[in-house]
Amino acid sequence: MNKAEYTITVYTENQIGLLNRIAIIFSRRKINVDSLNTSPTEVESVHRFTIVIIETEDVVRKLCRQIEKQVDVLKAFYNTEEEIVWQEMALYKVPTDEIAEKVKVERLLREYGARAVVIRKDYTVFETTGHREETAGLIRALEPFGLIEFVRSARIAIIKDSSGFHEKLKSYELAAPGEELVENEFLNQQDEVFTM
Amino acid sequence: METLQLEKQETIAPLVTQVSGSVAVLEAMIAENVNEIFGYPGGAIMPIYDALYDYQNKLNHILVRHEQGAIHAAQGFARASGKTGIVFATSGPGATNLVTGLADAMIDSTPLVCITGQVFAHLLGTDAFQETDVINITTPVTKWNYQVTDATEIPAVLAKAFYIAASGRPGPVLIDITKNAQLQVFDYKGYTKCQHIRSYRPKPIVRKEYLEEAAKLINEAKKPFVIFGQGIILGSAEKEFTTFIEKGNLPAAWTIMGMSAIPTDHPLGVGMLGMHGNYGPNVLTNECDVLIAVGMRFDDRVTGRLDKYARQAKVIHLDIDPSEIDKNVKTTVPVWGDCKETLPMLTALLDKKDNSAWIERFAEFAREELNTCITPELNPESEELTMGEVIKTLNELTGGNAIVVTDVGQHQMVACRYTKYNSSKSNITSGGLGTMGFALPAAIGAKFGAPQRTVVAIIGDGGVQMTIQELGTIMQTGIAVKIMILNNQFLGMVRQWQELFMDKRYSFTDIKSPDFVKVADGYGIAGRKVSDRIDLAGAVKEMLDFDGSYLLEVMVGKENNVFPMVPQGCSVSEIRLK
């Protein structure tokens with residue numbers, strides 16, 4: 001079976017430690033995670049992981065079942081690239097004088113669908129959103145002009161034929177709403193507490 | 001800290017009382033009908049132990065000698081009683097000592113709730129004394145874990161813990177409670193059992209169409225073969241399963257974990273699967289036309305080489321855990337669900353059939369195995385005792401009514417091959433993880449879990465030295481555990497492999513042992529050592545009849561091997577009889 005790029009979408013409760021629980025499902029099998037994003041969803045208290053890996057479908061299916069087995073996971077899906085709409089965002093920092101002198105900024109912006117987020121005397125930060133080829137294209141265009149820093153976000157993806165998570169969630173809910181996240185509120189009290 | 005006696009509140013309006021987090025933990029235990037707690041105190045769990053001081057008439061805390069002993073004891077307790085095992089341990093080393101047991105319970109699906117103490121919440125991440133990141137260390141080996149930093153969370157979190165540990169496919173749950181939360185006094189509104197978690201579906205929905213397909217396959221099969229695992233025991237579906245195989249006249253073989261779910265002399269029981277299982281079930285796996293797997297997970301020790309495993313057969317897999325379907329063996333018909341529900345549904349669709357010609361095939365193989373392997377093991381002509389004849393003697397004296405707890409290695413395989421079992425939950429062993437040192441503490445736990453039954457721990461001379469300190473637990477509690485050390489003066493299983501596959505290069509398998517009877521004596525435990533056939537039956541009887549714990553060391557042949565054997569990397573049909 002051939003390996004391909006799969007986007008795994010995981011709906012979860014908002015729980016501390018769940019990121020680790022999901023991440024070790026990949027690392028235990030020595031599978032590299034290409035990209036990972038966590039975000040809120042259209043449903044309050046439900047979180048969404050978007051994970052990109054390159055593997056065979058068989059492996060991806062098993063991984064999804066292992067993920068879904070975790071107590072705090074509501075549902076895990078996997079999709080091929082054709083089944084999703086996806087975007088990544090990238091930021092580029094370049095010396096302003098180089099850019100201003102040597103390239104036509106407007107041309108760059110138009111060609112790569114980029115926009116300037118910050119323009120300062122010393123540097124300018126461009127931003128672009130798109131597929132990997134597009135964000136990588138702008139790196140190549142900017143490299144000759146002293147690209148100082150580059151960063152790309154994780155992939156975010158929408159499943160084309162998904163009707164959202166509201167309905168599915170209702171069937172899980174019965175009487176139990178999501179729980180509130182409890183964080184450690186004592187960390188900043190170190191000096192005031194006597195300990196043994 | 002004053003303990004508040006909380007009598008059962010039958011009234012609807014919850015009575016709000018001020019209690020500490022520690023008391024809330026113990027109240028949760030009482031609400032969940034816990035009697036036994038296996039534990040070891042330490043700095044970070046002292047508030048809970050302080051509260052426990054006032055609960056001694058309600059909760060029986062068993063002080064072990066090492067936290068690993070506590071968790072194996074809790075496992076033995078859970079396996080013998082069907083209830084959830086409880087462990088208390090402190091932070092840092094106390095918690096890390098639980099890891100082996102957690103991994104063992106995880107892979108063998110044993111319900112446990114472990115409570116670990118943790119440093120004060122404000123010290124988390126500061127490398128405080130006895131601080132370890134227990135949550136992250138235990139994440140891969142727990143079904144669920146959670147850190148409590150605020151006492152108000154305790155009732156709900158423990159309710160969740162008990163629910164998750166025991167429901168669906170059971171497993172270990174660890175709750176790490178910071179010391180401040182144990183000390184914190186809060187408004188306690190009572191304890192409500194957890195029945196539902198929206199992100200957790202312990203039982204998949206049963207799909208009727210698959211049951212119908214499965215029944216059709218079984219009804220059309222000429223050579224149907226059932227293989228079953230611990231799922232039957234965990235699902236309390238022994239009766240349902242027996243009805244199922246009896247209606248369809250289906251020959252059934254057990255995995256090591258499924259053993260004792262049906263009596264070992266059941267006419268349709270054809271033996272044990274796997275590397276040291278019986279001849280017939282292994283070979284005929286590659287001859288059957290429909291393989292019906294119930295509550296088992298196709299471990300590599302069962303399947304041997306996967307690409308040569310039951311390729312000719314259509315596979316029906318009944319399991320409560322959807323992630324097990326297709327994990328190792330491709331399934332033709334998956335039957336998701338609790339086998340207590342699915343088996344009767346499937347039985348209803350079965351035709352009554354006579355498979356006697358097919359069942360006779362198993363008998364043929366059994367006869368060959370009897371002549372080549374079993375008779376020489378059980379009735380040896382050599383002067384040296386064999387492990388097999390020790391088990392035979394034990395069977396004769398217990399009648400198959402004892403709980404037999406085994407450790408890991410040759411004695412485990414021999415015990416599982418030859419022990420007679422009449423009732424379920426009688427075979428307790430470390431199956432998936434293969435944890436040496438499991439048996440002694442697990443036997444202690446098993447006796448607490450089934451006090452009316454005889455518990456015999458069969459242990460090798462290697463394994464017993466891994467947790468021998470638990471003799472101290474026996475001494476202090478006075479629990480009656482029968483300990484049989486089968487001493488071959490070797491780490492026998494590894495030695496067997498070295499002999500068969502590594503040119504007899506016995507690299508560090510020659511192990512020296514202390515005088516076990518003297519060690520037992522030091523703990524005030526009666527004991528005896530035998531090496532002659534003539535003394536064996538009398539010694540085993542003395543052990544069983546003795547009022548209290550007893551350690552019997554049996555010197556057995558040094559270089560005996562366990563056969564049959566499916567060599568690693570071979571197909572199950574390539575099983576060797578010698």
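Leaving aside neighbours within four places in sequence, B:Leu385 is in contact with B:Val390, B:Ser531, B:Arg533, B:Leu536, B:Val554, B:Met555, B:Val556 and B:Gly557. By contact I mean that the C-beta atoms of two residues, placed from the backbone, lie within 7 Å.

Hello everyone, and a word on the ground rules. This is a predicted model, where local features need pLDDT of at least 70, side-chain atom pairs count only at pLDDT 80 or more, and totals for chains, interfaces and linings use all residues. Residues are numbered from 1 along each chain as its sequence is written, while chains are lettered from A and ligands numbered from 1 in the order in which they are written.

Back to B:Leu385. Where does B:Leu385 lie? B:Leu385 sits in the loop between α15 (356-378) and α16 (387-398) of chain B. Helices (H or I, at least four residues) and strands (E, at least two) are DSSP runs, numbered from the N terminus. B:Leu385 counts as buried because 24 other C-beta atoms lie within 10 Å. The cut-offs are these: a residue is buried if 20 or more other C-beta atoms lie within 10 Å of its own, exposed if 12 or fewer, and partly exposed in between, with C-beta atoms placed from the backbone. One of its contacts, B:Arg533, is 148 residues away along the chain, yet the two C-alpha atoms are separated by 6.4 Å.

Another loop residue in chain B is B:Val464, found between β17 (455-460) and α19 (471-477). Why is B:Val464 classed as buried? Because it has 27 other C-beta atoms within 10 Å. Not counting residues up to four places away in sequence, B:Val464 touches B:Leu440, B:Ile459 and B:Ile485. Between B:Val464 and B:Gly69, 395 residues apart along the chain, the C-alpha distance is 12 Å.

Staying in chain B, let's look at helix α20 (residues 492-501). Its buried residues are B:Gly492, B:Met493, B:Arg495 and B:Gln496. They cover an arc of only 160 degrees around the axis, so they are on the same side of α20(B); the arc is that of the directions from the helix axis to the C-beta atoms. The cover over these buried residues includes α17 (410-418) and β17 of chain B. After α20(B) comes B:Asp503, with a positive phi near 55 degrees.

Now the domains. Chain B is divided into domain 1 (17-188), domain 2 (208-362) and domain 3 (379-555), with bounds from an automatic or database domain assignment. The C-alpha centres of domain 2 of chain B and domain 3 of chain B are 31 Å apart. Their contact takes 13 residues from domain 2 of chain B and 14 residues from domain 3 of chain B. On the domain 2 side, the residues divide into seven nonpolar, three polar and three charged. Here Ala, Val, Leu, Ile, Met, Phe, Trp, Tyr, Cys and Pro count as nonpolar, Asp, Glu, Lys and Arg as charged, and the others, Gly among them, as polar.

On to chain A, with six helices and nine strands. Chain A is divided into domain 1 (4-84 + 157-177) and domain 2 (85-152), and the C-alpha centres of these two domains lie 32 Å apart. What is the radius of gyration of chain A? Chain A has 21 Å, whereas a compact globule of 196 residues would be near 16 Å; the radius is taken over C-alpha atoms, and the globule rule is 2.2 Å times the number of residues to the power 0.38. The C-alpha trace of chain A spans about 65 × 60 × 35 Å along its principal axes. Of its 196 residues, 26% count as buried.

In α1(A), the buried residues are A:Leu18, A:Arg21, A:Ile22 and A:Ile25. Their arc around the axis is only 95 degrees, so they are on the same side of α1(A). They pack against β1, β3 and α2 of chain A.

In α2(A), A:Val60, A:Leu63, A:Cys64 and A:Ile67 are buried. Those residues fall within an arc of 100 degrees seen down the axis, so they line one face of the helix. An α-helix has 3.6 residues a turn, so residues three or four places apart point the same way. Elements covering the buried residues of α2(A) include β1 (4-13), α1 (18-27), β3 (46-55) and β4 (73-80) of chain A.

Finally, the two chains together. Their contact takes 25 residues from chain B and 28 residues from chain A. The chain B side has eleven nonpolar, eight polar and six charged residues.
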